[in-house]
Amino acid sequence: MISRVLISFFFALFILSVNAQTQTGKASYYADKFEGRQTANGEIYYHVKRTAAHQDLAFGTIVKVTNLENNKFVVVRINDRGPFADNRIIDLSKSSAKDLDFVQKGLAKVKIEKTQF
């Protein structure tokens with residue numbers, strides 16, 4: 001009986017940890033006016049880099065971002081805080097938004113997954 005409880009407990013922990021590694025919501029991208037400005041971790045933002053802003057993930061975290069409308073994905077590194085607009089979970093560099101094919105729309109429904117690179 002105890003072993004079943006322990007197995008169930010560890011299985012539940014595993015499921016919770018997997019779910020904590022993914023997030024679904026809206027993505028936006030940096031406006032041109034941010035080119036050359038300093039990010040929250042001290043780096044300079046450049047459109048061509050595969051970087052992103054997230055409110056909670058640690059700087060340096062690598063995430064896979066998938067556009068749920070077309071299944072295109074990009075891998076980015078968190079180096080800034082934001083986005084600060086309602087209902088958005090990540091703010092991507094412009095080149096990353098181009099890779100996901102949503103620059104014209106401005107927003108995309110995405111899934112972000114922490115990776116183990």
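This tour moves through the strands, the nonpolar core, the salt bridges and a surface patch, naming at each stop what to select.

The model is predicted, so local features need pLDDT of at least 70 and side-chain atom pairs count only at pLDDT 80 or more, while totals for chains, interfaces and linings use all residues. Residues are numbered from 1 along each chain as its sequence is written, and side-chain values use heavy atoms, with hydrogens and water left out.

Two strands pair if DSSP finds at least two bridges between them. β4 and β2 pair in the parallel sense over three bridges, and Ala52 has Ile78 of β4 as its bridge partner. β3 (residues 62-67) runs antiparallel to β4, joined to it by five bridges, with Thr66 standing opposite Phe73. In the hairpin of β3 and β4, which has five residues between the strands, select Asn71 to find a positive phi near 65°.

Next, select Val63, Val65, Val76, Ile90, Leu92, Phe102 and Val110, which touch the most other members of the largest nonpolar core, a set of 18 residues. β3, β4, β5 (88-92), α2 (94-100) and β6 (108-114) each supply at least two residues of this core. Such a core is a set of buried Ala, Val, Leu, Ile, Met, Phe, Trp, Tyr and Cys residues joined through side-chain atoms within 4.5 Å, where buried means under 20% relative accessible area, exposed over 50% and partly exposed in between (1.4 Å probe, protein chains only).

Now turn to the salt bridges (a side-chain nitrogen of Lys or Arg within 4 Å of a carboxyl oxygen of Asp or Glu), of which the structure holds five. One of them joins the side chains of Glu43 and Arg77 at 2.8 Å, N to O; because Glu43 lies in the loop between β1 and β2 and Arg77 in strand β4, the pair ties together parts that are 34 residues apart in sequence. Select Glu69 and Lys105 for another salt bridge, its closest N and O atoms being 2.8 Å apart. Glu69 lies in the loop between β3 and β4 and Lys105 in the loop between α2 and β6, so this pair ties together parts that are 36 residues apart in sequence.

Finish on the surface with Ile44, Tyr46 and Val48, which form a nonpolar patch with about 270 Å² of accessible area together. Patches are made of residues with over 30% relative accessible area and no salt bridge, with like charges joined within 9 Å and nonpolar side chains (Val, Leu, Ile, Met, Phe, Trp, Tyr) within 5 Å; areas come from the Shrake-Rupley method with a 1.4 Å probe, and for residues only the protein chains shown count as cover.

Definitions and conventions. Helices (H or I, at least four residues) and strands (E, at least two) are DSSP runs, numbered from the N terminus.
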